[in-house]
Amino acid sequence: MARILIAEDEKPINELIRRNLTLVGHAVAQAYNGTAAVELAESEPFDLVLLDVMLPGLSGFEVKERLRPDMPVIFVTARGNLSDRLQGLGLGADDYIVKPFEILELLARVEAVLRRANAGAKTFDLDGCHVDFGTYRVYIDGAEVFLTPQEFSLLDTLICNRNLALSREQLLEQAWGFDYEGDTRTVDVHIQKLRKKLRMDTRIQTVYKVGYRLSTK
Ligand code: CA
């Protein structure tokens, strides 16, 4: 869907991000120091750079200054203090995420930045189902299906994290909002409605002892 450069010197973190971005369908390149990140960004077109601040060679901030000014950037850093945040955003970063982070939070931010930058999916198609994120409308074989705002939000969360198993708690957090104090059975009820309305009985899978997954494979 999008081409994303991961600049991160900690190999397990770089690999974790790569695995998850690949699972949701993005094409990924990996750099382990600042110089390599700049070289890759100059030689290949990317839609987004995930940029660690503490990188060997050039720091993330130095890398940012060498990138195309309009290149979408999300800084990823262990240093969560305010001055770093201000420096990152002062350099024109699109977002900022502090390690350790939840992978779902990272994916949600990636999707949000890509959509703002017009590089993300404006639409999503699976079997006969067509989702338009610009108009919040959903069609099955060309006929509109009406979803409540909550059902649409849940569908959006499943699509953003497609092929990943999501717990009911994660779905509540992402689709209902981080401070929603609902019952996880609410998720089950809405999942049933989505399956029925979108004819996605086999696509929206129950993951034993975990929760749900939208399978696109
Ligand atoms: Ca680092």
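Keep in mind that the model is predicted.

Let's start with helix H8, residues 184-198. Two helices to follow here are H6, at residues 149-160, and H7, at 168-176.

Take H6 first. The axes of H6 and H8 come within 10 Å, and they cross at roughly 85 degrees. Angles from 65 to 115 degrees count as roughly perpendicular, so that is the label for H6 and H8. Which residues of H6 meet H8? They are Gln150, Glu151, Leu154, Leu155 and Leu158. On the H8 side, the partners are His190, Ile191, Lys193, Leu194, Lys197 and Leu198. By class, this contact of H6 with H8 holds 6 nonpolar, 2 polar and 3 charged residues.

Now H7. Its axis lies 9 Å from that of H8, and the packing angle is about 75 degrees. H7 and H8 are therefore roughly perpendicular to each other as well. From H7, the contact takes in Arg168, Glu169, Leu171, Leu172 and Trp176. From H8, it takes in Thr184, Thr186, Val187, Asp188 and His190. The classes here are 4 nonpolar, 3 polar and 3 charged. Notice His190 of H8. His190 is listed in the contact with H6, and His190 is listed in the contact with H7.

Next, the sheet. It is open and has 3 strands, in the order E10-E12-E11, with antiparallel pairing. Which strands stand at the edges? E10, residues 166-167, and E11, residues 204-207. Each has a single partner strand, so one side of each is left without a neighbour in the sheet. Remember the general rule: strands of a sheet pair through backbone hydrogen bonds, either parallel or antiparallel.

Leu166 stands opposite Tyr212 of E12. H8 comes back at this point: H8 packs on the sheet and touches E11 and E12. The direction of H8 makes about 145 degrees with that of E11.

E11 and E12 form a hairpin, with 3 residues between the strands. In that hairpin, Lys209 takes a positive phi near 65 degrees.

On to the largest pocket. What is its volume? About 210 Å³. It is lined by 13 residues, and the closest to its centre are Ala108, Asp156, Thr157, Cys160 and Gln174. Three helices, H5 (103-116), H6 and H7, each give two or more residues to the lining. Which element gives the largest share? H5, with 5 residues. By class, the lining divides into 5 nonpolar, 4 polar and 4 charged residues.

Last, two backbone details. Most residues other than glycine have a negative phi, and most peptide bonds are trans. Look at the bond from Lys99 to Pro100: that one is cis, with omega near -5 degrees. Pro100 sits in the loop between strand E5 (95-98) and H5. Then look at Asp127. Asp127 is not a glycine, yet its phi is positive, about 50 degrees. Asp127 lies in the loop between strand E6 (123-126) and strand E7 (129-132).

That's the tour. Questions are welcome.

Note on methods. Residues are numbered from 1 along each chain as its sequence is written. This is a predicted model: local features need pLDDT of at least 70, side-chain atom pairs count only at pLDDT 80 or more; totals for chains, interfaces and linings use all residues. Side-chain values use heavy atoms; hydrogens and water are left out. Axes are lines fitted to C-alpha atoms, for helices over the stretch in contact, and angles run from 0 to 180 degrees between N-to-C directions. Helices (H or I, at least four residues) and strands (E, at least two) are DSSP runs, numbered from the N terminus. Angles under 35 degrees count as roughly parallel, over 145 as roughly antiparallel, 65 to 115 as roughly perpendicular and the rest as oblique. Contact means heavy atoms within 4.5 Å. Ala, Val, Leu, Ile, Met, Phe, Trp, Tyr, Cys and Pro count as nonpolar, Asp, Glu, Lys and Arg as charged, and the others, Gly among them, as polar. Two strands pair if DSSP finds at least two bridges between them. On a 1 Å grid over the protein atoms alone, a cavity is a set of points where a 1.4 Å probe fits but cannot get out, and a pocket is an open set with protein on both sides within 12 Å along at least five of seven lines; lining residues have an atom within 4 Å of a point. Grid points are joined across faces, edges and corners, and a volume is the space filled by probe spheres set on the points.
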